[in-house]
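Here's a quick briefing on how this model is put together. Have the structure open as you read.

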Amino acid sequence: MNALVRGLPPFTASDRRYGRIALVGESLGDVREVMIEGPSGIRAIARGARPSFEASRRRLVWPSGALAQMFSSEDPESLRGPQFDAAWLDEAAKWKNAEATFDMLQFGLRLGERPMQIITTTPRPTRLMKRLIADPSVRVSRLSTHRNSGNLAAGFIAALEKRYGGTRLARQELEGELIEDREDALWSRAALEAAAGGAPGELRRIVVAVDPPASSGRASAACGIVAAGLDGDGNGVVLADATLETARPTDWAAAAVRLYRRLGADCIVAEVNQGGDMVTAVLRTVDATVPVKAVRANRGKWLRAEPVAALYQQGRVRHAERFPALEDEMCDFGPDGMSGGRSPDRVDALVWALTELMLGRAGEPRVRDFR
């Protein structure tokens, strides 16, 4: 950004200087702590006159008069209205509301002769990343962590290579590769492409499954809410993903009941490991007439999901439409969970719904004694 403001190559041509810049990160905290004030942030690496940071106005101001404003992927609408001639988007592959934020920014890049945006991120196979890489107007550069070794702690790369060398995580984090499929995941992109089946037709039974978060605070995990139905041939159809990213009990309960009513479902299946009777009670405060079936997990997530993944392999489950966020989780769910330790909330809800419809008690792994 300092080079854009000062008109330095290779980022600018013909001594062009940029003066209205958008700084977009996953959150406003990330913009400030990483992009602006971090060890490699704009202020830390500035040569010559450093920009001043006006925290109350969420902006950087250079002595030349150039401005950089802060924006968060948590609030795409905040990009509606301002206009820019340049932008820096950091870690876009892990943004909330990634496509909505990126698309809204494009409408604001309307100043100057040649608006420019720079995206820096660890690659992950999100819809936005795949869309950008496939765009011929986007110039893609890949840099491995080894290229940056001179700026890292001694032994850092060697330690990571020893622990993660050859794994999908190392290829993504150290080599900058975009990995479409996780090698040990239960589902593949190809399998989900094959499961995209269009209109569901007549369904014998419909359930809405809920995987409530462990806590209800502002930083709580997502609440998985997935609906599925059973057709006349005994096959499953995934109908909706109404998962809430951050949800208080009354919020996820209301969302589950709304989906139940919209689809004319037969019941709500709710995991009660985290909340016990409270889960059913919260749903009943929204609608006392809704039938709720409480289910309790007594096996790990992987073991519960394996029989459901087998149904996909048998061609017995299809998706009524594409569910990008759910499919991303499915293709990133391995024996040790999801990358980065994230919780597979959507997958959990999907597994509960299809187990209820198609497996019942048969969906629970059991130990066989052959003595």
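Helices (H or I, at least four residues) and strands (E, at least two) are DSSP runs here, numbered from the N terminus. By that scheme, threonine 101 is found in helix H3. You're looking at a predicted model, where local features need pLDDT of at least 70 and side-chain atom pairs count only at pLDDT 80 or more, while totals for chains, interfaces and linings use all residues. Residues are numbered from 1 along each chain as its sequence is written, and side-chain values use heavy atoms, with hydrogens and water left out.

- Strand S1 (residues 20–25) and strand S5 (residues 86–90) run parallel, joined by four bridges, and valine 24 stands opposite leucine 89 in S5.

- Is threonine 101 buried or exposed? It counts as buried, because its relative accessibility is 1% (buried is under 20% relative accessible area, exposed over 50%, partly exposed in between, using a 1.4 Å probe and protein chains only).
- Leaving out residues up to four places away in sequence, threonine 101 touches Val24, Ser73, Pro76, Leu79, Trp95 and Lys96.

**Aromatic pairs**

- Rings of Phe, Tyr and Trp (its six-membered ring) pair if their centres lie within 6.5 Å; planes under 30 degrees apart count as stacked, over 60 as edge-to-face and the rest as tilted.
- That rule gives a count of three aromatic pairs.
- Phenylalanine 71 and phenylalanine 84 have ring centres 5.6 Å apart and planes at 80°, so this pair is edge-to-face.
- Those two sit 13 residues apart, linking distant parts of the chain: phenylalanine 71 is in strand S4 (residues 67–72) and phenylalanine 84 is in the loop between S4 and S5.
- Phenylalanine 71 is buried at 6% relative accessibility, and phenylalanine 84 is buried at 0%.
- Tryptophan 302 and phenylalanine 333 form a tilted pair, 6.1 Å centre to centre with 40° between the planes.
- This pair also joins distant parts of the chain, from tryptophan 302 in helix H10 (residues 301–313) to phenylalanine 333 in strand S13 (residues 333–334), 31 residues apart.
- Phenylalanine 333 is buried too, at 2% relative accessibility.

**Around strand S10**

- Strand S10 (residues 267–271) is mostly covered, with five of its five residues buried.
- Four bridges join S10 to strand S7 (residues 203–211), and the two run parallel; valine 208 has isoleucine 268 as its bridge partner in S10.
- S10 also pairs with strand S11 (residues 292–295) in the parallel sense over four bridges, where alanine 270 stands opposite alanine 294.

**Helices H8 and H9**

- The axes of helix H8 (residues 249–263) and helix H9 (residues 277–286) come within 9 Å and cross at roughly 65°.
- On the H8 side, the residues making contact include Trp252, Val257 and Arg261, and on the H9 side they include Val279, Leu283 and Val286.

**Threonine 243**

- Threonine 243 lies in the loop between strand S9 (236–241) and H8, and is buried with a relative accessible area of 12%.
- Its side chain reaches the backbone nitrogen of isoleucine 225 at 3.2 Å, and a 2.6 Å polar contact joins it to the side chain of aspartate 241.

How values were computed. Pairing = 2+ DSSP bridges. Contact = heavy atoms within 4.5 Å. Axes fitted to C-alpha atoms, helices over the stretch in contact; angles between N-to-C directions. Polar contact = N/O pair within 3.5 Å; in protein donor to acceptor, adjacent residues only side chain to side chain.
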